[in-house]
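Visitor: Could you take me through one part of this model slowly, the packing of a helix pair, and then show me how the rest sits around it? I'd like the cut-offs as you go.

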Amino acid sequence: MLRILARAAALGVACAASGACADTGGPPKVDRANTPDAAPTPAAAPGAAPPASAAVPPALAPLPADLPFQVGTGPTGRAQVALTFHGQGSPDIATALLTLLEAADARVTVLAVGTWLDEQPHLARRILSGGHELGNHTMNHGDISSMTADQAYAEITRCADRLVRLTGSAGRWFRPSRARDCTPVVATQARRAGYAHALGYDVDSLDYTRPGARAVSRSVLDAVRPGSVVSLHFGYPDTVAALPTILDGLQTRGLRAVTTSELVS
Ligand SMILES: [Zn+2]
């Protein structure tokens with residue numbers, strides 16, 4: 001615990017916050033003017049900056065045949081949880097979080113925003129090389145629930161194209177942007193784009209509201225149960241500072257942090 005806290009302090013203090021996310025239907029609690037959606041970064045030109053060598057995605061066991069399209073929790077009978085991260089924001093914060101997770105032997109699922117992959121293409125391989133899972137969180141993280149079918153499809157496929165280019169796989173999971181669950185229109189377009197499942201969550205850390213590390217860890221640890229899917233975000237120093245307490249609390253409860261595929265398999 002002390003070692004993890006020390007690493008958090010060393011890695012997190014100098015991190016600058018960037019990017020904001022609220023994947024809920026509730027009132028916004030963040031400064032939207034600072035969100036990537038308010039001031040989107042232009043996507044890189046097609047074919048720009050491909051990796052020297054694509055990462056090989058970890059082998060994935062088949063999922064249960066009766067798994068619903070929308071997954072919000074896993075089985076409650078095993079002492080496992082899935083920590084899931086909105087993939088956007090400062091690469092320093094992302095790297096700090098991944099380093100802390102791996103020091104604790106935790107595996108997570110990162111839902112990457114396409115523009116972030118254009119800006120930080122090396123992080124796709126960095127995530128997979130740590131044994132984590134990588135999925136699709138749309139190209140621009142706009143309000144996908146309000147888009148037309150074609151707009152939503154483009155948001156999903158543009159991110160998927162980047163995942164394929166960087167890793168050889170579009171990933172197993174799609175998470176809608178600015179929404180916990182898919183609308184029927186978005187669900188249809190996600191399936192059309194090749195995603196058999198969308199990933200929601202049952203525990204919201206509210207880290208994107210910048211409430212302080214203690215509030216973030218309390219939000220998670222007060223609500224987490226076996227089978228929980230926890231929503232967290234790259235891009236916020238509070239999350240880095242809270243993570244050691246979260247990991248320690250999970251360990252105290254006998255809960256292991258696993259990828260979403262492992263959680264539901
Ligand atoms: Zn998000």
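Predicted model: local features only at pLDDT ≥ 70, side-chain atom pairs only at ≥ 80, totals over all residues.

Guide: Let's start with the terms: axes are lines fitted to C-alpha atoms, for helices over the stretch in contact, and angles run from 0 to 180 degrees between N-to-C directions. Helices (H or I, at least four residues) and strands (E, at least two) are DSSP runs, numbered from the N terminus. Residues are numbered from 1 along each chain as its sequence is written.

Now the pair itself. Two packed helices are described by the angle between their axes and the distance between the axes. For α2 (residues 91–103) and α8, the axes come within 9 Å and cross at roughly 5°. Angles under 35 degrees count as roughly parallel, over 145 as roughly antiparallel, 65 to 115 as roughly perpendicular and the rest as oblique, so α2 and α8 are roughly parallel to each other. As for who touches whom (contact means heavy atoms within 4.5 Å), α2 brings I93, A96, L97, L100 and L101, and α8 answers with P237, T239, V240, L243, P244 and L247.

Step back from P237 and you reach Y236, in the loop between β8 (229–233) and α8 (237–252). Buried means under 20% relative accessible area, exposed over 50%, and partly exposed in between (1.4 Å probe, protein chains only); Y236 has a relative accessible area of 1%, so it is buried.

An α-helix has 3.6 residues a turn, so residues three or four places apart point the same way. Just after α6, G194 has a positive phi of about 105°.

Over in the strands, β3 (residues 109–112) and β4 pair in the parallel sense over four bridges; two strands pair if DSSP finds at least two bridges between them. T109 stands opposite E133 in β4. Within β4 (residues 133–136), E133 and G135 point one way, L134 and N136 the other, and all are buried. The loop between β4 and α5 holds H141, whose phi is near 60°, positive in a residue other than glycine. H141 counts as buried because its relative accessibility is 0%. L206 also has a positive phi of about 60° without being a glycine, and lies in the loop between β7 (203–204) and α7 (213–223). At 28% relative accessible area, L206 is partly exposed.

On confidence, pLDDT is the predictor's confidence in each residue, from 0 to 100; the average is 85, and 78% of the residues score at least 70. Over residues 1–19 the pLDDT is below 50, and this stretch has 34 contacts in the model beyond near neighbours in sequence.

Key
Heavy atoms only, no water.
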